[in-house]
2 protein chains.
Amino acid sequence: MIKTNLTFLGFEKEILDFDKSILKDLENKLIDKKGLGSDFLGWINWPNDYDKEEYSKMKQIASRLRKDIDVLLVVGIGGSYLGTRAADNMIRGLLPNDKVQLIYVGNTISSSYIKQVLDYVENKEFAIVNASKSGTTTEPGISFRVFQKKLIEKKGKEIAKKRIVAVTDKSKGALKKLSLNEGYETFVIPDDIGGRFSVFTPVGLFPLMVAGVDTDLLMKGSQKAFKDLKDINNEAYKYAVARYLLNTKYDYKTEVLVSYEMQMQMYTEWWKQLFGESEGKDNKGLLPSSCIFSTDLHSLGQFIQDGTKNVLFETIIDVKKPSYDLNVPKDDEDLDGLNYLTSKSFHEINQTALKGVIEAHVNTGQVPNIILEFDKMDAEMFGYSIYWFMRSCAISGYLLDINPFDQPGVEVYKKNMFKLLKKPGF
Amino acid sequence: MIKTNLTFLGFEKEILDFDKSILKDLENKLIDKKGLGSDFLGWINWPNDYDKEEYSKMKQIASRLRKDIDVLLVVGIGGSYLGTRAADNMIRGLLPNDKVQLIYVGNTISSSYIKQVLDYVENKEFAIVNASKSGTTTEPGISFRVFQKKLIEKKGKEIAKKRIVAVTDKSKGALKKLSLNEGYETFVIPDDIGGRFSVFTPVGLFPLMVAGVDTDLLMKGSQKAFKDLKDINNEAYKYAVARYLLNTKYDYKTEVLVSYEMQMQMYTEWWKQLFGESEGKDNKGLLPSSCIFSTDLHSLGQFIQDGTKNVLFETIIDVKKPSYDLNVPKDDEDLDGLNYLTSKSFHEINQTALKGVIEAHVNTGQVPNIILEFDKMDAEMFGYSIYWFMRSCAISGYLLDINPFDQPGVEVYKKNMFKLLKKPGF
């Protein structure tokens, strides 16, 4: 469950009083597929409607792969890797001791990085999952060529065939055709689900299964969110209204998503894509940014506290239950004067820091805060919160009167690049 | 060398025409220690004035440690780890195959993260460097207790003594006293150098030596920058003026530092602290943000291209020479249509993406761009650019008429937290 807490805003009443009939209208548009971008609403009923047969097959292939490999190379850019990486980090942590390790390639053209990954997998058993609707996108396309070649060189064509999996269009496109030719296993990216809404499809689920994440629990979380959002007075829409008013009525330009857990950093990156790419169009939208506290209190904290005003507001992910907890050891000398903390656990201190910072930023710094209480950091909470944010984002986009499901601006750089690279046809 | 390129701004002339006598006055204040925060200017002459004897001793201890350990735990928060991590990633990459691995603790109160690190070092040989002026800061303080205890439990007091190094005040404070009591080696944080300006002191240099970074080359880079900045018409001041005018005259709120190299991500985090903490005060300053392209073009690219205007400008780090390069493999079938790229290297394609994006963002998206050309990504370039940014930041802060060397806003959350934690005296 997520609880949206606006206690410190100063204009909570206005948000709570927001006309529910407007939200109901927008929700009807969404559910009845009458709004903008209605060709891309497959994600809405997906928590219940996903292909169970394909799901079982994915599990089977993933379980076979897990036995053979140390590393899974995830080839994909934007929505084809951010959700996977967010889940992997949030659920398994940043330094998982168990295999399989996921490494992300295909999201950069940096030769320095690609070379580092090539060296890294030199003496490891690895497999590749390539998530791409078309198979022709430049970044993942050229990376896939490099690592496919490496795998074949190392293990031979027959073994490589069993270690390469494509997540792609059900029938057409270059990657589908290549997979048919080479005998690679394929799973489907549905036609009506865009990249940043695709975590619950094979794009996210298959690599997470290989990583050993409990995807049953993850899907259960998404189903629970689906149910909880049936009431129009839900927390996700309250969040959408709060940020809408802060943006359009009070003229804030930037939303900073804050977590006090290191392993939530990639989650904030997933969130940045979700909201930035959905809303940043027609000269509208909030610039999404993120911080991990308390480390960034010793970096951006000064600006948030005392810098230019009315630029940003903060949305705090307040994780109530940590994955682990531990106590501060006692020291007989107590030279550092920290023995007063030995009766408390790290998590209790972290939660106290959170409270102290909210007070400092809201009351002293005049920075509005929205607090999102997360129960925990497991697969269920991941599934729940991801679906929660997606629904919130869809309504938020409709409030702004834009199409939350396209991304026309991403094409501009590609066209320029293709022209400069002399791509045939450009 | 860094070249500051403003070709795409549309108001380059105004920046180039900025009154040099203003800059000269501000520089005199800085050099003659007559400006705000003049107690913290030890970093200015440091590239030449650093303690050579201490430097040699650090090298000797680092070289001894390198033989015995796989992992160095770097305990520190803010300026006590960001520069080290920025250097380690930029110079050695994100997946270095050679030891020693650096892991950063003491910058979080997350029990989940601390537990992961405890598990991770369970079967590894590790040492600890604790960088803290006082030794009483909460985050590094409680982490140090945990890992000191772990090391003593694993290896016994005698070996632990040789594996714990403190970087702290030269004579006073809890960490200095503890180190004297326990027999830990210590190196000095100079009194007149603040955290975010401390990379060239033992705070940054000692862990980097243990990591195997060529610190001689790094210092050489800082000395070269020191020389190059003697001319008032230097590139670092041009950058300071450009961002000053964009902020105060054209009302941009956010500066996004962009790199096309994954291994520069922590460098952008170091930069965020430098400028955010130096300038974000008295209701002034730019909100520092960062992106790694091309991956974030598939996340924040849409907002930058088509979202709310006049919010942000971009500063692009354009690395001319990669650490490695490689070619796109040819494919006989060419189903993905990418064979047209096989005559080019990854770096050539990455550089072309950079050009295409600048054109898209500036000309189509109306987003001002400042381009900073970096020659390469080695230790020399790190040292050069870090010193370059520090000098730029100092002048930039004086242009805003604030004290760039304090951080009073960081204390507010601490006081609240201490009160809530019932710390004696609060």
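Visitor: How do you know how much area chain B and chain A bury between them?
Guide: Buried area is the accessible area (1.4 Å probe) that two parts lose on being put together, summed over both. For chain B and chain A in this predicted model, that comes to about 10,400 Å². Carbon and sulfur atoms carry 64% of it. The contact (heavy atoms within 4.5 Å) takes 123 residues from chain B and 123 residues from chain A.

Guide: A word on conventions. This is a predicted model: local features need pLDDT of at least 70, side-chain atom pairs count only at pLDDT 80 or more, and totals for chains, interfaces and linings use all residues. Residues are numbered from 1 along each chain as its sequence is written, chains are lettered from A and ligands numbered from 1 in the order written, and side-chain values use heavy atoms, without hydrogens and water.

Visitor: Why is the pair Asp336(B) and Arg145(A) called a salt bridge?
Guide: The term asks for a side-chain nitrogen of Lys or Arg within 4 Å of a carboxyl oxygen of Asp or Glu. In Asp336(B) and Arg145(A) the closest N and O atoms are 2.6 Å apart, so the pair qualifies. Between chain B and chain A the count is four salt bridges.

Visitor: What makes Cys291(B) buried?
Guide: Buried means under 20% relative accessible area (exposed is over 50%, partly exposed in between; 1.4 Å probe, protein chains only). Cys291(B) has 3%, so it counts as buried. Cys291(A), at 2%, is buried too.
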